[in-house]
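Hello,

Here is the structure for your files. My notes on it follow below.

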Amino acid sequence: MSGLKVVFAGTPEFARLAYEAIVVAGFEVPLVLTQPDRPAGRGMKLQASAVKQEALKQGAQVLQPLSLRLDGKYPEQAQEAKDILEALRPDVMVVAAYGLILPQWVLDLPKYGCLNIHASLLPRWRGAAPIQRAIEAGDAETGVAIMQMDIGLDTGDVILEKRLPIAQQNAAQLHDQLADIGAQAIVDALNKLAFERVRLTAEMQPEDGVTYAAKLEKAEAALDLQQDALTLWRRIRAFNPVPGANLRLPGLADPVKVWQAEVLEIQSHAEPGTVVQATPEGIDIATGAGVLRLLELQKAGGKRQPVASFVTGWKLPE
């Protein structure tokens, strides 16, 4: 055992992998904070977060406050969390995609502060959706930063970072790789902390190069075919699986989801949105600049289909 007493705060699968890695590495994690259970699935039944499910398996105490602000809408829940944390006296808190803003009292409470796992190379893509925005912007690489948290939005000093090329990955694929890298990185940081027993050396983020990864909105799913093919291809990859990307095809009443596409090295003088051709190899659509080939689609209420299957059930109007 490391002797470090760790509190973990996180909610989705990205965070669960980090939490599991910390436990497997031998760190004591007696308390886990995560978001309240939410309705999910077709039946909209309450479902525990990925982190809560793992924490219950590990036998950790789980707290699910709606807020940690003592002067906020839920002061009783915040005070309960504060009392428990003060009694526990943790050495460090690890935070990964938790979903709540940490007030100053939380940042100050652990002996060595709060360490955040952030899925970007800070200061680029601070904020809620760094994985998707990096793909959408056409970044060549991204990565994971372990940061000493302060009161700002992802503004803390960076302890370590690990880099990863984006290549042609979509958001789901990149998420899984970054989750694995983040889990390894936080264990490295905690091992160093357990050995040195002082706050880890960290570098201030540069003032240049700051960008913000805005939260994903459902309205972004609709593809604007006036944009160029390369931009549309990036958006399709960035929004896979959430919020998804969709467009309208002639002869179909509802938009179709586009799960996979590619940019063709050809030009077309057709109006943006025109179907240039539809074959089992792909549905080629003219855009504001260049041609986008659709490779995997999903009709409303249907299943995902490779384009060869999709075109057999779709009659392209003259």
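Among contacts between residues at least 6 apart in sequence, what percentage join residues at least 24 apart? In the protein chain that share is 63%, a contact being heavy atoms within 4.5 Å.

This is a predicted model, in which local features need pLDDT of at least 70 and side-chain atom pairs count only at pLDDT 80 or more, while totals for chains, interfaces and linings use all residues. Residues are numbered from 1 along each chain as its sequence is written, and side-chain values use heavy atoms, with hydrogens and water left out.

The protein chain has 8 helices and 17 strands (DSSP runs: H or I of at least four residues for helices, E of at least two for strands, numbered from the N terminus). Of its 318 residues, 49% are buried (under 20% relative accessible area; exposed is over 50%, partly exposed in between; 1.4 Å probe, protein chains only).

The structure contains 15 salt bridges (a side-chain nitrogen of Lys or Arg within 4 Å of a carboxyl oxygen of Asp or Glu). R133 takes part in one with E136, at 2.9 Å between the closest N and O atoms; these two sit 3 residues apart in helix α5, about one helical turn. R133 also bridges to E220 at 2.8 Å, N to O. Because E220 is in the loop between β11 and α7, this pair ties together parts 87 residues apart in sequence. Both R133 and E220 are buried.

D188 and K162 form another salt bridge, at 3.6 Å, N to O. D188 belongs to helix α6 and K162 to strand β10, so parts 26 residues apart in sequence are tied together. D188 is partly exposed at 38%, as is K162 at 28%.

Regards
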